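My notes follow in the order I made them.

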Amino acid sequence: MEAWDPEDVRFWEGGGKRIARRNLALSVASEHIGFSVWSMWSVLVLFMSPRIGLPFTPGEKFLLVVTPTLVGAVLRLPYSHAVTRFGGRNWTVFATAVLLVPAGGAAYFTQRPGTPLWVFLVIGALGGVGGGNFASSMTNITAFFPQRHQGWALGLNAGGGNLGVAVVQLLGLLVIATAGDTHPSYVAACYLPLIVAVSLLAALRMDNLAPVRGEKGARRGAQREALGVAHTWWISLLYIGTFGSFIGYGFAFGLVLQTQFGSTPLQAASYTFLGPLLGSLARPFGGRLADRWGGARVTAWTFVGMAAGTVGLLLASRDGSFALFVAGFTVLFLLTGIGNGSTYKMIPAVFAERAGREVTAGGDATLAFARARRLSGAVIGIAGAVGALGGVAVNLAFRAAYGSEGGSGTPAFLAFLGFYALCVAVTWTVYLRPVRTGRQPEPRAVRRGVTRV
């Protein structure tokens with residue numbers, strides 16, 4: 001599609017909105033499947049026991065959930081660039097279809113008693129490609145929507161993908177409740193026909209957007225330029241706290257319940273889906289709240305709430321309260337979803353403000369805002385990759401805390417609490433603290449944290 005300008009109101013209302021929404025729906029479907037395959041090991045490890053010939057220790061199981069998290073994080077940068085090289089439709093078809101490899105491998109080898117750990121580590125690493133889908137999907141969808149709608153569109157796109165974490169856990173619960181806890185292959189096998197269906201729909205109904213595909217070199221240059229912008233790293237730090245917490249907790253929660261409270265697979269699966277479900281549903285509302293109140297303001301209050309929720313986990317661990325522990329994690333999941341949406345909304349707002357200042361100083365408006373859109377797409381990819389690495393850190397912290405006999409999650413929770421306090425301080429200092437030039441304060445929109453640069 002050659003002429004695409006979502007900022008043109010007549011173009012948008014005259015057909016651009018319909019095309020954008022169709023691509024968004026299919027993007028959500030692809031990303032959802034990707035997240036499900038990526039997080040599948042958070043469910044499969046609950047089945048692994050001597051009863052099915054897979055007697056792995058808690059430390060080995062935490063390693064199994066760390067592996068796809070790490071690979072998914074590393075792949076996010078090249079995936080965000082792949083859309084500009086191959087086109088949104090083309091890459092979505094490939095990125096979805098390739099999920100047949102890890103899903104099929106998991107379905108086959110979980111039926112083979114005595115399979116060594118390294119085989120599952122390889123399959124888990126291949127499952128990490130599902131985590132890369134997020135970056136390519138978000139980069140592609142950013143170009144379809146005008147800046148004024150990007151908070152909601154990006155939140156909906158990411159939230160629909162994040163739901164894959166909850167859905168695969170619900171599927172695990174369904175399998176355990178109906179077929180028992182000795183058939184992990186059923187979970188993986190369910191995704192094989194879905195992967196084929198979504199790949200075909202993407203091939204038939206999605207679009208390659210020329211303004212995105214034609215910016216291959218510009219996007220590569222935008223990524224290099226974005227690496228030198230301080231806001232790239234501040235926002236990435238905040239995204240470690242929001243998305244890193246979401247994906248890290250989503251992968252580890254069931255294992256934490258099994259290790260700390262001795263929960264059975266059925267008991268663990270009965271609770272693990274609720275938090276990711278609420279967090280996923282909350283993400284688009286986080287984007288909408290940010291559209292209304294400012295991304296930094298919503299993000300700051302989110303981290304305050306996450307710190308309070310972590311204190312609840314420390315109290316629950318001290319008292320051995322299963323109910324308070326589950327409630328605390330559920331609150332954390334909900335807040336991470338809101339924070340995911342609000343943090344991502346900050347990205348286009350920051351660079352739109354920079355473009356506005358360039359125009360005010362006499363720069364060309366078309367070039368300034370085109371550059372802002374390229375930088376926004378680049379930072380989305382970078383922040384997504386760095387944020388996903390936060391999930392690796394969460395799981396490594398849990399592995400260290402629970403690795404020894406009689407281990408406790410308290411050291412990990414204290415580390416998380418300190419990090420959330422750091423995120424509150426960064427959000428306030430960089431994006432919310434009023435800065436005065438002479439006697440005149442910064443504009444109100446800046447104080448709200450929408451556009452301060």
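**Entry 1**

I went to Gly363 and found it in the loop between helix H17 (322–360) and H18. I am reading a predicted model, in which local features need pLDDT of at least 70, side-chain atom pairs count only at pLDDT 80 or more, and totals for chains, interfaces and linings use all residues. Residues are numbered from 1 along each chain as its sequence is written, and side-chain values use heavy atoms, with hydrogens and water left out. Helices here are DSSP runs of H or I with at least four residues, numbered from the N terminus.

Is Gly363 buried, partly exposed or exposed? Its relative accessible area is 35%, so I logged Gly363 as partly exposed. The cut-offs are under 20% relative accessible area for buried, over 50% for exposed, and partly exposed in between, with a 1.4 Å probe and protein chains only. I also took a distance back along the chain: the C-alpha atoms of Gly363 and Glu353 are 13 Å apart, for ten residues of sequence.

Gly362 sits in the loop between H17 and H18. At 65% relative accessibility, Gly362 goes down as exposed.

**Entry 1: H7 against H18**

Next I followed the chain into H18 (residues 365–402) and looked at its pairing with H7 (residues 129–144). Their axes come within 9 Å and cross at roughly 160°. Axes are lines fitted to C-alpha atoms, for helices over the stretch in contact, and angles run from 0 to 180 degrees between N-to-C directions. The angle makes H7 roughly antiparallel to H18 (over 145 degrees counts as roughly antiparallel). H7 passes H18 in a right-handed crossing, the near helix being turned clockwise from the far one by less than a right angle.

Which residues make the contact? From H7 I listed Phe134, Met138, Thr139, Thr142 and Ala143, and from H18 Arg373, Gly377, Ile380 and Gly384. Contact means heavy atoms within 4.5 Å. By class I get four nonpolar, four polar and one charged. In this scheme Ala, Val, Leu, Ile, Met, Phe, Trp, Tyr, Cys and Pro are nonpolar, Asp, Glu, Lys and Arg are charged, and the others, Gly among them, are polar.

I then checked H7 by itself. Its 16 residues reach 24 Å from first C-alpha to last, close to the 22 Å expected at 1.5 Å a residue (the expected span is 1.5 Å times one less than the number of residues). How many residues of H7 are buried? The count is 16 of the 16, so H7 is largely enclosed by the rest of the structure.

I moved to helix H13 (residues 230–261), which holds Ser245. Ser245 is buried, at 3% relative accessibility. Leaving aside neighbours within four places in sequence, I found Ser245 in contact with Ile240, Gly250, Met306, Thr336, Val394 and Tyr420.

Thr242 is also in H13. Its relative accessible area is 0%, so Thr242 is buried. With the neighbours within four places set aside, Thr242 is in contact with Phe303, Thr336, Gly339, Asn340 and Thr343.

**Entry 2: H1 with H10**

How do H1 (residues 9–38) and H10 (residues 191–205) meet? Their axes come within 10 Å and cross at roughly 155°. That makes H1 roughly antiparallel to H10. I noted this crossing as left-handed, with the near helix turned anticlockwise from the far one by less than a right angle. H1 brings Arg22, Leu26, Ala29, Ser30, Ile33, Ser36 and Val37, and H10 brings Tyr191, Leu194, Ile195, Val198, Leu201 and Arg205. The tally is nine nonpolar, two polar and two charged.

**Entry 3: H5 with H6**

Last pair: H5 (residues 100–109) and H6 (residues 117–127) have axes that come within 8 Å and cross at roughly 155°. H5 and H6 are therefore roughly antiparallel to each other. Their crossing is left-handed. Val101, Pro102, Gly105, Ala106 and Phe109 of H5 meet Val119, Phe120, Ile123, Leu126 and Gly127 of H6. I sorted these into eight nonpolar, two polar and no charged residues.

Technical notes: Helices (H or I, at least four residues) and strands (E, at least two) are DSSP runs, numbered from the N terminus. Angles under 35 degrees count as roughly parallel, over 145 as roughly antiparallel, 65 to 115 as roughly perpendicular and the rest as oblique.
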